Amino acid sequence: MTKISKYLLYKLNILYIIVLISNVLYSQISNHMDLVSQVKIPEHASSIWGYTDSSGIEYAILGTEQGVRIYSLEVPSSPLELKFIQCTPSAWRELKTAKEYAYVVTEGGDGLLIIDLRNPMDSIPYQFVKTFKNLNGDTFFVHSAHTLYVDEKNYIYLSGARTIGGGFIILDPNQDPFNPVIINSNEDQYMHEVHAYHDTLYGAELFNGVFSIWDLKDRTKPVRISDQITSKTFTHSVWIEKNRPILYTADEVEAAVIEAWDISDPLNIKKQMSIKLRMENHLLSYPIMYFIIMINYMFRIIQKVFAFWIRRILII
């Protein structure tokens with residue numbers, strides 16, 4: 001995650017979730033932060049990510065129903081919109097950064113949107129890429145993907161892609177960021193999302209109701225190690241702690257739970273904790289720093305506002 005401030009990502013994720021959930025929850029969390037500014041947009045939003053340039057200026061990259069909006073946070077009290085990229089309208093738009101580029105997917109049919117962030121205050125070139133070559137030089141068409149992830153080595157993972165990569169696609173952008181190469185495509189099972197860390201991939205196999213663990217030491221030939229059924233057998237989300245072998249999962253069903261799994265031995269996975277909340281239809285959970293962030297369909301009001309916060313959050 002070179003060029004990205006992990007702290008910035010933490011702040012942006014916390015803040016975006018705050019504007020999606022109820023005022024009651026907002027009032028509870030707001031005791032630990034200062035709201036510096038708000039930006040109103042004319043359409044709904046679905047995802048947000050952060051980027052820090054070589055001079056230390058922070059940026060917010062917002063995926064919306066209509067496209068992607070990029071803001072400079074150089075003056076936190078007055079976020080400046082630098083660019084709006086019109087895309088095919090879609091309720092879901094997911095984005096991440098790898099080095100100095102942002103990568104965006106949607107199910108709307110735009111392929112992979114690649115955004116050059118090397119000089120965001122001057123210009124922000126971008127292009128939509130739908131054809132990719134593999135290591136043998138063969139050409140493949142990628143129409144869409146449901147989610148994406150970028151690991152610490154800057155490999156890009158597309159999940160639920162079409163027309164290939166229904167499981168996941170691994171792309172290498174390190175040689176040419178605008179023309180990432182397909183180094184593997186998995187078609188065995190649909191994955192709603194994947195998370196990769198330390199040469200290991202964790203996949204949420206929604207319809208199989210399991211999370212799976214894969215050895216990525218050779219990314220051209222991922223090896224499935226094991227899998228584990230989650231409590232409601234509709235596995236939506238996976239996320240690994242960075243300092244402990246603890247994996248968190250959530251199912252996309254009513255009255256599901258957040259589960260924590262000890263995966264220190266992938267062949268002997270043990271459930272460590274199960275948290276049931278007083279909410280239904282909860283969608284996903286992401287551990288960010290010291291918190292698990294949960295989004296609930298019931299409170300998903302997609303307000304046309306998102307907030308920037310710069311000061312310190314009190315971690316308790």
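This is a predicted model: local features need pLDDT of at least 70, side-chain atom pairs count only at pLDDT 80 or more; totals for chains, interfaces and linings use all residues.
View 1. Strand 3 covers residues 58–64, and seven bridges join it to strand 2. Those two strands run antiparallel.

View 2. Arg 69 lies over the face of Phe 84, 4.2 Å from the ring centre. In the other example, it's the charged end of Lys 96 that sits over the ring of Trp 49, at 4.8 Å from its centre.

**View 3. Tyr 149 and Trp 239 make an edge-to-face pair.** The model has eight aromatic pairs. For Tyr 149 and Trp 239, the ring centres are 5.9 Å apart and the planes meet at 90°, so the pair counts as edge-to-face. Tyr 149 comes from strand 12 (residues 147–150) and Trp 239 from strand 20 (residues 235–240), so their pairing ties together parts 90 residues apart in sequence. Are these two residues buried or exposed? Both Tyr 149 and Trp 239 are buried.

**View 4. Phe 168 and Trp 214 are another edge-to-face pair.** Centre to centre, the rings are 5.5 Å apart, with 85° between the planes. This pair also links distant parts of the chain: Phe 168 is in strand 14 (residues 168–172) and Trp 214 is in strand 18 (residues 210–215), 46 residues apart. Phe 168 counts as buried because its relative accessibility is 0%. Trp 214 has 4%, so it counts as buried too. For a group of three rings, look for Tyr 190, Phe 207 and Phe 234, which form one aromatic cluster.

**View 5. Asp 110 and Arg 93 form a salt bridge.** Side chains of opposite charge can pair when their charged atoms come close. Between Asp 110 and Arg 93, the closest N and O atoms are 3.8 Å apart. Asp 110 lies in the loop between strand 7 (101–106) and strand 8 (112–116), while Arg 93 is in strand 6 (residues 93–98), so the bridge ties together parts 17 residues apart in sequence. Both Asp 110 and Arg 93 are buried.

**View 6. Lys 271 meets Glu 259 in a salt bridge.** The N to O distance is 2.6 Å. Lys 271 sits in strand 23 (residues 270–276) and Glu 259 in strand 22 (residues 257–262), twelve residues apart. How exposed are the two partners? Lys 271 counts as partly exposed because its relative accessibility is 42%, whereas Glu 259, at 0%, counts as buried.

**View 7. Asp 215 pairs with Lys 217 in a salt bridge.** Their closest N and O atoms are 3.6 Å apart. Asp 215 has a relative accessible area of 22%, so it's partly exposed. Lys 217 reaches 66%, so it's exposed. The model's count of salt bridges comes to twelve.

Conventions. Residues are numbered from 1 along each chain as its sequence is written. Side-chain values use heavy atoms; hydrogens and water are left out. Two strands pair if DSSP finds at least two bridges between them. Helices (H or I, at least four residues) and strands (E, at least two) are DSSP runs, numbered from the N terminus. Rings of Phe, Tyr and Trp (its six-membered ring) pair if their centres lie within 6.5 Å; planes under 30 degrees apart count as stacked, over 60 as edge-to-face and the rest as tilted. Buried means under 20% relative accessible area, exposed over 50%, partly exposed in between (1.4 Å probe, protein chains only). A charge sits over a ring if NZ of Lys or CZ of Arg is within 6 Å of the ring centre and within 35 degrees of the ring normal. A salt bridge is a side-chain nitrogen of Lys or Arg within 4 Å of a carboxyl oxygen of Asp or Glu.
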